Amino acid sequence: MGYAKVRSVALHGVAGEVIVVEADVAPGLPSLVVSGLPDAALSEARDRVRAAVHNSGAHWPQARITVNLLPAHVRKHGSGFDAAVAIAVLAAGADLPIARLMNTVILGELGLDGTVRPVRGVLPAVLAASRAGYRFALVPLGNISEARLVPDIDVRATDSLGRIIGYLHETENLLDPVAEPLPPQAPALDLADVLGQERGRRAIELAAAGRHHVAMFGPPGAGKTMLAARLPGVLPPLNDQEAIEVTALHSVAGALMPGSGLIRRAPLQAPHHTASVASLVGGGSGLAKPGAISLAHNGVLFLDECAEFASGALEALRQPLEEGEVRLRRAQGETVYPARTQLVLAANPCPCAKPGGKHMCECPSIVRRRYQARLSGPLMDRVDLQVDLDPVRSAALVATEPVEPTAVVAGRVLRARAAAIERWGPHAASNGEVPGTLLRHHRFRLPRPVVRPLTDAMDRGRLSARGFDRAIRVAWTVADLEGRERPDVGDVREALELRSRTAR
Ligand SMILES: Nc1ncnc2c1ncn2[C@@H]1O[C@H](COP(=O)(O)OP(=O)(O)O)[C@@H](O)[C@H]1O
Ligand SMILES: [Mg+2]
Ligand SMILES: [Zn+2]
């Protein structure tokens with residue numbers, strides 16, 4: 001009979017907090033009460049923990065057991081506390097010595113047979129423990145490689161509850177497997193594969209340099225999907241902070257490959273047009289799973305055949321895109337995930353999707369108009385780059401001139417990004433994120449002759465005020481790529497020309 005406590009980590013979103021798991025074992029009718037705001041999964045944990053203890057050959061105290069998770073106000077989701085609960089109960093009631101767990105957090109779900117199973121979110125959990133000053137983390141074997149990505153904390157693993165018990169009795173060792181060498185990362189798809197299609201290649205370069213959302217319209221086979229898949233390779237590699245954020249989100253989603261390192265390349269997510277709102281923005285019971293928009297944090301969200309997405313799905317993306325984060329409101333409170341992503345939209349200009357483009361289309365105009373309407377709306381309003389792609393010309397496919405590879409384009413993109421960061425300072429991280437008010441601030445307002453192509457287009461009713469701002473943003477990116485201090489009239493003309501299709 002007695003009292004014991006150990007540490008684990010609770011996650012809210014990608015933020016972790018070290019919690020105390022305490023157990024008290026008192027004489028009385030055998031029972032187990034778990035308190036401390038546990039969610040449904042935690043009450044299920046009672047039976048799981050008891051069975052796991054039995055099946056590990058340990059003795060479950062026949063007494064009145066109280067388990068408490070502190071602090072009480074922290075929401076606790078999921079099954080990652082099982083192992084900590086089992087150890088606290090055994091230490092309080094069965095004289096399991098836990099001196100060796102000083103300064104240690106314990107993570108892991110128990111199977112009924114006493115195995116310790118991997119859990120989601122180990123990277124952010126161990127990160128929180130390290131930041132809180134803990135020196136050791138005991139994690140499921142299947143999670144050890146992601147736990148080891150965290151600096152300044154010693155990580156050990158276990159495959160079973162029995163092994164932890166053996167370790168505490170000093171009859172067994174924890175697991176510390178030699179790290180497998182990282183599998184070589186598949187090279188990014190190269191822009192050199194895309195022949196001809198100068199407009200498309202230019203749109204991808206501008207999108208990368210200015211962090212602009214981009215929409216590509218064109219017949220099947222024009223290379224839209226090919227181009228979108230090559231954007232991450234053109235984007236700057238993630239810095240340490242970004243890499244941790246992205247890897248943590250993938251960890252919480254349970255989407256990390258075992259043995260993979262930090263995610264260093266801008267991620268690409270390409271949800272199918274039948275994807276549910278929950279899979280796009282996140283959701284689910286227990287610890288909510290990040291959706292595609294958060295898995296694309298610091299990267300690219302590619303909506304192929306975007307006209308086919310349900311309007312509710314597109315609508316659900318709008319606010320997160322604007323705020324750079326997703327707020328998932330649920331009964332137990334709100335979970336926030338980062339979602340700073342760049343949209344790439346692709347669509348056929350018409351529902352018939354004739355390979356020859358508009359020349360072969362025989363759709364009634366009402367059908368065309370209804371389809372076009374689906375390609376406009378509030379989401380499209382935020383897309384700075386909207387380009388029409390022609391079918392690839394046969395000449396391009398047999399041409400022998402070398403095509404510029406990703407490495408060369410990415411170099412220009414890096415320099416352009418640096419110029420923009422220096423110019424906007426703390427006000428915006430990229431041209432695509434500059435608010436309209438800043439564009440018109442006297443320091444950055446472009447002289448009348450420079451914006452003449454835009455004012456002319458507006459006067460002729462071919463450009464809206466929103467379209468005006470979007471073109472100016474793109475013009476800054478054109479100038480940054482050219483190494484020019486400010487956009488000139490040629491840059492503005494290119495920006496306008498690149499959105500000739502939907503001159504709204
Ligand atoms: N510009 C291009 N250069 C080289 N191959 C291309 C090009 N455009 C299309 N292709 C070929 O056609 C296939 C389909 O292209 P894809 O990107 O899927 O077109 P879309 O998404 O516009 O329908 C590609 O896998 C590639 O083999
Ligand atoms: Mg395609
Ligand atoms: Zn058609």
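I counted 18 helices and 18 strands in the protein chain. I took helices (H or I, at least four residues) and strands (E, at least two) as DSSP runs, numbered from the N terminus. The model is predicted, so I asked pLDDT of at least 70 for local features and 80 or more for side-chain atom pairs, while totals for chains, interfaces and linings use all residues. Residues are numbered from 1 along each chain as its sequence is written, chains are lettered from A and ligands numbered from 1 in the order in which they are written, and side-chain values use heavy atoms, with hydrogens and water left out.

**Overall**

I looked up the extent of the C-alpha trace. Along its principal axes the trace spans about 85 × 50 × 45 Å. The protein chain has 504 residues, and 52% of them are buried. Buried means under 20% relative accessible area, exposed over 50%, and partly exposed in between (1.4 Å probe, protein chains only).

**Ligand 1**

Which residues come nearest to ligand 1? I found Leu195, Gly221, Lys224, Thr225 and Met226, out of 13 residues around the ligand. A residue counts as near if one of its heavy atoms lies within 4 Å.

I then went through polar contacts (a pair of N or O atoms within 3.5 Å; within protein, one must be able to donate a hydrogen and the other to accept it, and residues adjacent in sequence count only if both atoms are side-chain atoms). A backbone N or O atom of Leu195 sits 2.7 Å from a nitrogen atom of ligand 1. For Gly221, a backbone N or O atom is 2.7 Å from an oxygen atom of the ligand. A polar backbone atom of Ala222 is 3.2 Å from an oxygen atom of ligand 1. Taken alone, the ligand exposes 560 Å², and the protein buries 66% of that. These areas come from the Shrake-Rupley method with a 1.4 Å probe; for residues, only the protein chains shown count as cover.

I sorted the shell by class. It has eight nonpolar, three polar and two charged residues. Here Ala, Val, Leu, Ile, Met, Phe, Trp, Tyr, Cys and Pro count as nonpolar, Asp, Glu, Lys and Arg as charged, and the others, Gly among them, as polar. Helix α7 (residues 224–234) gives the largest share of the shell, three residues.

**Arg201**

I checked Arg201 in helix α6 (residues 198–210). Arg201 is buried yet has no salt bridge. A salt bridge needs a side-chain nitrogen of Lys or Arg within 4 Å of a carboxyl oxygen of Asp or Glu. The nearest side chain of opposite charge is Glu404, 4.5 Å away. For charge, Lys and Arg count as positive and Asp and Glu as negative; His and the chain ends are not counted. I did find the backbone oxygen of Val194 at 3.3 Å from a polar side-chain atom of Arg201.

How many of the eight residues of helix α5 are buried? Seven are, so I noted α5 (residues 161–168) as mostly covered. The buried ones include Arg163 and Tyr167. Glu170 follows α5 and has a positive phi, near 60 degrees.

In helix α9 (residues 277–281) I looked at Leu280. Leu280 is buried, at 1% relative accessible area. Ser294 is 14 residues from Leu280 in sequence, and their C-alpha atoms are 8.4 Å apart.

**Salt bridges**

I searched the whole structure and got 29 salt bridges.

Glu315 pairs with Arg318, with the closest N and O atoms 2.9 Å apart. Both lie in helix α11 (residues 311–323), and because they are three residues apart, about one helical turn separates them. Glu315 is partly exposed at 41%, and Arg318 is partly exposed at 26%.

Next I took Asp384 and Arg473, a salt bridge with closest N and O atoms 3.6 Å apart. This pair links distant parts of the chain, 89 residues apart. Asp384 is in the loop between α12 (365–374) and β18 (385–388), and Arg473 is in helix α17 (residues 465–482). Asp384 is buried at 3% relative accessibility. Arg473 is buried at 13%.

Arg484 and Asp488 also meet in a salt bridge (3.4 Å, N to O). Arg484 is partly exposed at 32%, as is Asp488 at 29%.

Last, I noted a network of salt bridges that links Arg148, Asp154, Arg156 and Asp176.
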